Amino acid sequence: MSYRAPVPDIVFTMRHVAGFDRAVADGLYGDLSADLAQTILEEASRFANDVIAPLNREGDRHGATVRDGAVTTAPGWKEAYRAWTEAGWNALPGPVEYGGQGLPTLLNSACVEMWNSASMAFGIGPVLTHGAIEALEAHASDDLKSRYLEKLVSGEWTATMNLTEPQAGSDLAALRSRAEPVGDGTYRITGQKIFITYGEHDLTDNIIHLVLARLPDAPQGTRGISLFLVPKFLPDGTRNDVRCHSLEHKLGIHASPTCTMIFGDKGGAIGWLVGEENRGLNCMFTMMNNARLAVGLQGVAIAERAYQQALAYANERRQGRAIGAAEGMSPIIVHPDIQRNLLTMKALTAAARAICYMTAEAIDRAHLEQDAASRKKAHERASLLTPVAKAFSTDIGMEVASLGVQVHGGMGFIEETGAAQHYRDARIAPIYEGTNGIQAIDLVTRKLPLSGGETVHAQIASMRAVVTRIMKEGTPAFGATAPRLRDAVESLDRATSYMLQAISSNAQGEALAGATPYLRLFGLAQGGVALAEAALAASALMAGGDQDPAHAGRIALGRFFAENIAVGAKGLEDTVLSGAGFLQDATVALAS
């Protein structure tokens, strides 16, 4: 089944939930208007629908291949990437001074969703390049910026992120890669990196590796890590001492080459320091935070693709007879269980999209607000929402893809339908760019305490304000949306107070034990409120005479989420408040 980018839903979410219209009114987006944004997104949708999406199945079947260290991408990949960059899509969010278009993160996030719905294996490559651009712009020397940023912004060259080593997964303190200063401003990099996305490929003439390594006199732990720029080809055109040793054989995203990279076979790869010595992790986090939102958008993207395919199949597949129907088989979409599955898929996807777009808008404000206090407030809000956007949305991608297989029944387990590929592709997103468990830990230990808890309490207050507006609406179509969401937000508030108390009293075990259910609780409350805000906007437009039939669906979807999904908030609250008790029995239970 072909993919069609849901531009109307994307634009509606941007404008009426994420805050695009407010940002335009505040003058943050310059000359960008809602009409121009829609035009850009319609063009992006055509490229995603017509150029990238048709390559998805072939990319999965063929994958990337390696021979003598040279990687060849799947058929059509190179041509599609060239057309994509020539159309200016890589440069969309890039800095204007280096040839970029300087358009907002929110607008680019909508495009990132489309590229990844069309093909996750294609869409993940530019994510690393965009992250590298942001890291270099923030931390690199003027010489490195002038030498590399223009070609990275255009997409003529791509970039990678080299963190993981065989003995060091999420624990970066265990890195062993070395960097020896030469004395002329360069360093010799030696070591092995694994799981390097697009570490080697045939899409571009050069690949710019950002590599974490240790200097000889570096302190132990993460405080002793530095960041280096290591190009595949040096400025004089000679090949650097870096190569792809092998490609990983993976569960999904087969067309994305995941490489084991070797630096320094012949004495050391030449690299340049980015930022300060022993401060590399700070620089890399600039890149990782960018990537975490993008991976959250991958969760939205694969969920949208899986939902579209399941919906089409449910309308075509005939089996059984609908209640009260005449003789003959009915399409399975009339059966209540299938309807519940499809509504769950659509509601979760819409909620995750809203959270990701809200995060993108906060990032824009953190860069574009005029006064320092407003920028700080927006930065903290973006920091709070980023782990939720990444973890909640990628969990949703998995759940929705799984439901998509279920709707297909036995045919979902068969590769020919494509539903299984979505499920396989989705599974990596909760793992890379910081596992979802790490996102939950980051949320409760580092993000909740921002400004003494004021940031998270302000976010909860904004949720309450939306619930109050729903209560005043009084429209029968909203059903029990208001009381169900009120209960979810209050559960989040109580769980938040518990977490803040645990962190402040050094009850680290209790906080960590409840971190993952707390993040899920946050996502359910925030996602439900976001869909309710969309429903309120739809109701207001209908009252003003707007006859778009999608508005009634937005109200119904918000109600479904509140009455059928957000009700899980109380159980999650109970798990957060009392779930740490399992730690006392964990050793005994796991050993038995």
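**A loop residue, then helix packing and charge pairs**

Tutor: Let's begin with L234, which touches N240, I270 and W272 when residues up to four places away in sequence are left out; contact here means heavy atoms within 4.5 Å. The model is predicted, so to speak of local features a pLDDT of at least 70 is needed and side-chain atom pairs count only at pLDDT 80 or more, while totals for chains, interfaces and linings use all residues. Residues are numbered from 1 along each chain as its sequence is written, and side-chain values use heavy atoms, without hydrogens or water.

L234 sits in the loop between strand 7 (226-231) and strand 8 (242-247); helices (H or I, at least four residues) and strands (E, at least two) are DSSP runs numbered from the N terminus. Its relative accessible area is 12%, so L234 is buried (buried is under 20%, exposed over 50%, partly exposed in between, with a 1.4 Å probe and protein chains only). One of its contacts, I270, is 36 residues away in sequence, with a C-alpha to C-alpha distance of 8.0 Å.

Now to the helices. Helix 1 (residues 7-18) packs on helix 10 (residues 336-368) at about 55°, the axes being 10 Å apart; axes are lines fitted to C-alpha atoms, for helices over the stretch in contact, and angles run from 0 to 180 degrees between N-to-C directions. The two helices are therefore oblique to each other (under 35 degrees is roughly parallel, over 145 roughly antiparallel, 65 to 115 roughly perpendicular, and the rest oblique). Helix 1 brings D9, I10, T13, M14, V17 and A18 to the contact, and helix 10 brings R353, A354, Y357, M358 and E361. By class, that gives seven nonpolar, one polar and three charged residues (Ala, Val, Leu, Ile, Met, Phe, Trp, Tyr, Cys and Pro are nonpolar, Asp, Glu, Lys and Arg charged, the others, Gly among them, polar).

E361 is buried at 3% relative accessible area, whereas R381 is partly exposed at 25%. Through shared partners, salt bridges tie D26, E361, R365, E369 and R381 into one network.

The structure holds 29 salt bridges. Another links E58 and R61 at 4.0 Å, N to O, and both of these residues lie in helix 4 (residues 56-62), three residues apart, about one turn of the helix. E58 is partly exposed at 33%, while R61 is exposed at 57%.

T481, R484 and L485 of helix 15 touch G558, R559, A562 and E563 of helix 18. Two nonpolar, two polar and three charged residues make up this contact.

Notes:
A salt bridge is a side-chain nitrogen of Lys or Arg within 4 Å of a carboxyl oxygen of Asp or Glu.
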